[in-house]
Amino acid sequence: MTTHPRIAMEGPALLFGGPYGNLQATEAVLAEAGRRAIPASRIVCTGDVIAYCGDPVATIGLLRRAGIHVVGGNCDEQIGASAADCGCGFEEGTACDRLSAAWYAAVDRAVGPGDRRWLAALPGRIDLEFGSRRLAVVHASMTAINQFIFPTTALAEKRRHLALAAAERCDGIVCGHAGLPFTQVIDGRLWHNPGVAGMP
């Protein structure tokens, strides 16, 4: 069994995904955490620190200074590895493919070696413990960093991932990637996507 960082959440937690290089949106999320007196130790980002928006370096710097917990997203992993594309797996020639090629090239030019190392070192999973309950925080799914799980995704597929989480003593999954916030309880187990901060 792979060991993942385990964090005890003693009090309210703030979960969010997809800063996407949107500095102002990320600042707003952290300001709201401050307003609610939620410390950095109880703030978790589901990844994709950098992507579509215009301030990737400043957004990385903000999160590094804030000291919150961040799960590595596919965009973070790919920039960290100086890979050729974002790794989303968009079909060639689609609008998503064209948009991702444009932002990825800009981010790839902007991000320096130190930030790349930080992105590359982000964990693929963090387990949050709320009393006797444990949630696996991943970027997309239990088996893939770039799998899109939507509210409409078949229950059988969600059950498959929840069973994998349960085998590792987790009571549910928190993920990002798909961008759309939703919460479902399936057979008594939680699936929660807090949505993304960087884009509506």
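Student: Is Tyr20 buried or exposed?
Tutor: This is a predicted model, so keep that in mind. Tyr20 has a relative accessible area of 8%. The cut-off for buried is under 20%, so Tyr20 is buried.

Student: How many aromatic pairs are there?
Tutor: The structure has 5 aromatic pairs. Tyr20 and Tyr52 make one of them: ring centres 5.7 Å apart, planes at 75°. Edge-to-face means over 60 degrees, so that pair is edge-to-face.

Student: Where do Tyr20 and Tyr52 sit in the chain?
Tutor: Tyr20 is in the loop between strand 2 and helix 1. Tyr52 is in the loop between strand 3 and helix 2. They are 32 residues apart.

Student: Which residues end up in the ring cluster?
Tutor: Tyr20, Tyr52, Trp103 and Tyr104, linked by ring pairs.

Student: New topic, helix 1. What caps its N-terminal end?
Tutor: Asn22 does. One of its side-chain oxygens lies 3.3 Å from the backbone nitrogen of Gln24.

Student: Which residues of helix 1 are buried?
Tutor: Leu23, Ala25, Thr26, Val29, Leu30 and Ala33. Their cover includes strand 2, strand 3 and helix 2.

Student: What happens just after helix 1?
Tutor: Ala37 takes a positive phi, about 60°.

Definitions and conventions:
Residues are numbered from 1 along each chain as its sequence is written. This is a predicted model: local features need pLDDT of at least 70, side-chain atom pairs count only at pLDDT 80 or more; totals for chains, interfaces and linings use all residues. Side-chain values use heavy atoms; hydrogens and water are left out. Buried means under 20% relative accessible area, exposed over 50%, partly exposed in between (1.4 Å probe, protein chains only). Helices (H or I, at least four residues) and strands (E, at least two) are DSSP runs, numbered from the N terminus. Contact means heavy atoms within 4.5 Å. A polar contact is a pair of N or O atoms within 3.5 Å; within protein, one must be able to donate a hydrogen and the other to accept it, and residues adjacent in sequence count only if both atoms are side-chain atoms. Rings of Phe, Tyr and Trp (its six-membered ring) pair if their centres lie within 6.5 Å; planes under 30 degrees apart count as stacked, over 60 as edge-to-face and the rest as tilted.
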